[in-house]
Amino acid sequence: MFYSIRHVTRFRYSAPVRESVMELRMQPRSEGPQALRSFQINTNPRAQLYAYTDHFGNAVYHFNVLRAHEELRIEAQAVIELSRLTPMPEAVDTLEWERFNSYNLTDDHFDLLEPSKFSFYSPALARFMAENELENPKRDPLTELKVLNRTIHDAFAYELGVTQVHSPIDHALDERRGVCQDFAHIMIAVARRWGIPARYVSGYLYHRPNNRDRSGPDATHAWVEAYLPSLGWVGFDPTNNVLTGERHIRAAVGRDYADVPPTRGTLKGIAETELAIAVAVEPTLAPVRHEDFLRVARPMSAPQPTPSMPERLYHQQQQQQQ
Amino acid sequence: MQHEAVADLLEGLTGAARPVRGAPYGNYRLGSAYDEMFDAGAAVRPHYAELDAELLTLAPDELHRRQQACELSFLHQGITFTVYSDKQATERIIPTDLLPRIVTAAEWNRIETGLKQRIEALNHFLRDIYGDGRVLKDGVLPRSMIYGSKHYRREMRGVQVPHGAYVNVCGTDLVRREDGAFVVLEDNLRVPSGVSYMLANRDVVRRAFPDLFRAMGVRPIEHYPRELLAALRALTPFQEDASIAVLTPGVFNSAYFEHAFLARQMGVELVEGCDLLVNDNVVYARTTSGLKRIDVIYRRIDDDFIDPLIFREDSSLGVPGLFNAYRAGNVVIANALGTGVADDKAVYAYVPRLIRYYLSEEPILDNVETFLCREPASLSHVLANLDKLVVKAVGESGGYGMLVGPHATKAECEAFAEKVKADPENYIAQPTIQLSTAPTFVDGGVEARHVDLRPFILNGEKTVIVPGALTRVALKRGSLVVNSSQGGGSKDTWVLSS
């Protein structure tokens, strides 16, 4: 299965701003059943892109725009291939609980047991766990996580605008309403409370026509992965009460949202910011391979060097136009 | 000054206190603490003999006149520090004491080798926890202590630092126990301050006792800024051509004087965050002649504030994009980010174990005995003995968030016990330490006052310790709190060459 993803982010400022510095975490990961076939980012104003891999293995792109601008547009395009997932067993044995030990877990797993900025144990979470009998999981961890997935799905209404990007989980817990990000944070907090390493996944969900997903199209999506020693990372989507499957496209993982926002930036200037995001996920039959690109490219003569005009002079003269 | 130095205790008023002899020592009381000048039998220790002779020959007025000259010099040079949340004045002269504190060559030798050993182990530790995490896999210290620390910077995982040296400038607080041994009270691995006072004190006290200074063979310290510059240059391949800047939070910072002083002494730029910018992953300073590339930043800003893109978004002190330039190796930041995880008061308790673990050596300098409230047995001991212990919050500094048991009321102890019980992992406790006393000029006479010792270690390509230190002194009789923010002063420290 191939998907093409187009993710456009546009910041509009009410007054010119300068020195924008931005980090992007939107390159789909290439691991497991998901393989990245192509990826590119364009910005307007144009900027030189730099990249690094963060300690969660996410590809991070960053750039800056020095001069004054009133709009910043970022367009990311990706093609990924998602191969068929290995079927998940209905349950694991209850001895799985004993396997959360230092023989099976690495430092990275242990780090995902600690409270993080948005996913932590709080009185509101304690009440939620008590009300839904989530305090003492007795069945095997996979079954318990599925129950948790369904419990969150059933207990909360999906509603945009109730919570903000930086809302703590208590807000959604009190209101019993929220969006995918809140549900993921709550599920992570409960799983960690149970001693199960859990992480936040930001990515994209392909919505079939006439789908009944609660999360809307035109948006990024978020869900949870829990680590079970005998199965590895297992994805749960509490927003839609499903295990993640061939419609979930993973872009970045972290302890919670704070580690993986698709865009994070700073700028200088005083202006109101209007943010617009558009996401399109489309199945494609097959991606255009790099070799095909090369074949269709028409041979073109290289531009002639201009020896009479040294490069520096050229640049200086260009600058005089402004 | 950032860190607290001292635990505490009442002067040993337990009967042993007695005057030493006549003027100017009429009010000099020896308690149970180790005294730097007099031995237990009230005889002058040999390395203080010359100072003793000088004090006996000088008229009291003359001492007073020299003390005033010292203070005036500080005022004229503008050597001040800032006390936060003080209603009267925030900017003050740090009180400096006329009388030098003298350290013998043998004592210094031990301190120097002990500190070098310690910083080597701490650098190993930082490389490890930001690398393979061997120390955690081997269970030498609990994982939650690292992952739970607010100073642990996951962003530093896998980032290479030059020479593997995370701590390029370290100020370690030492105190002398009753038995005369120097022990480590605290490692300051983030942005330790005080070195400018070390240099300023030397400047004025040398002039107050010119003959004595010459006669005693005091080792020089004036080359500290040069050594610092060399250490910073050695962090880049450019050496002499490296472009260096001191990054200060600004004029309202308590150590701003020091930042300006060091920049001037080294002949490098003094910049605030807004003077720097990152373009195409390279750091530049805005200067009157355009943008100038910066290769090394000696930063005196905490990690949290250094880059709003990566750390605290609300920081107006930092430079957006700085961390990514640093990660790419386009700029060096000294000290490296994330060093605070190793000077955490809870990790402190493990340093002797870390020395054995990484170096297979016995620690040369001991720690002060420390109880970790995270360990249930220690917690019950601490709660039962609150009135005898000093309890500190793990992440705080500068004497804030601590309880000095022997000086606290019952109500204060009880209130603090609740805090400790609510969050035991955040607290440690230490016995009240009798800091050593040193002769100090007070009210026209010489009296004993408690002191600590903060030497400064430079580490990079090699480790250099300038033979001197900031000696902080609690000017109130009996007080053990030497923090400048809490009424402490400072003394010149004379390390003898033989």
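**Group meeting: a predicted two-chain model**

Let me begin in chain B, where B:S360 sits in the loop between α13 (351–359) and β15 (366–367). Residues are numbered from 1 along each chain as its sequence is written, and chains are lettered from A and ligands numbered from 1 in the order in which they are written.

B:S360 counts as exposed, because it has 7 C-beta neighbours inside 10 Å. By the definition used here, a residue is buried if 20 or more other C-beta atoms lie within 10 Å of its own, exposed if 12 or fewer, and partly exposed in between, with C-beta atoms placed from the backbone.

A:R176 has a positive phi near 55°, and A:R176 is not a glycine. This residue lies in the loop between α4 (169–175) and β7 (177–178) of chain A. A:R176 counts as exposed because 12 C-beta neighbours fall inside 10 Å.

I turn now to peptide bonds. Most residues other than glycine have a negative phi, and most peptide bonds are trans. In chain A, the bond from A:N44 to A:P45 is cis, with omega near 5°, and A:P45 belongs to the loop between β2 (34–44) and β3 (50–53) of that chain. In chain B, the bond from B:A334 to B:N335 is cis, with omega near -5°. B:N335 is placed in the loop between β14 (332–334) and α12 (345–348) of chain B.

Strand β14 leads us to a sheet of chain B. Which strands form this open sheet, and in what order? Four strands do so, in the order β9-β8-β13-β14, and the pairing is parallel. Two strands count as paired if DSSP finds at least two bridges between them. β9 (269–271) and β14 of chain B stand at the edges with a single partner strand each, so one side of each is left without a neighbour in the sheet. On average, neighbouring strands are turned by 25° against each other, direction ignored. Angles are taken between N-to-C directions and run from 0 to 180 degrees, and axes are lines fitted to C-alpha atoms, for helices over the stretch in contact.

Within the sheet, strand β8 (residues 244–247) and strand β13 (residues 296–299) of chain B run parallel and are joined by four bridges. Here B:L247 stands opposite B:R299 of β13(B). Helix α9 (residues 256–266) of chain B packs on the sheet, where it touches β8 and β9, and its direction makes about 155° with that of β9(B). Contact between two residues means that their C-beta atoms, placed from the backbone, lie within 7 Å.

There is also a helix pair in chain B. The axes of α2 (residues 60–77) and α6 (residues 195–208) of chain B come within 10 Å and cross at roughly 145°. From α2(B), the contact is made by B:R66, B:A69, B:C70, B:S73, B:F74 and B:Q77, and from α6(B) by B:A200, B:V204, B:V205 and B:A208. The classes are seven nonpolar, two polar and one charged residues. Ala, Val, Leu, Ile, Met, Phe, Trp, Tyr, Cys and Pro count as nonpolar, Asp, Glu, Lys and Arg as charged, and the others, Gly among them, as polar.

How do the chains meet? 20 residues of chain B are in contact with 17 residues of chain A. On the side of chain B, the elements giving two or more residues are α5 (143–147), β10 (276–279) and α11 (322–327). That side divides into seven nonpolar, eight polar and five charged residues.

Of its 322 residues, buried residues make up 37%. An automatic or database domain assignment supplies the domain bounds, giving domain 1 (2–82 + 263–286) and domain 2 (94–259) of chain A. The C-alpha centres of these domains of chain A lie 25 Å apart, and their contact takes 17 residues from domain 1 and 13 residues from domain 2. On the domain 1 side, β14(A) gives the largest share, five residues.

Note on methods
Predicted model: local features only at pLDDT ≥ 70, side-chain atom pairs only at ≥ 80, totals over all residues.
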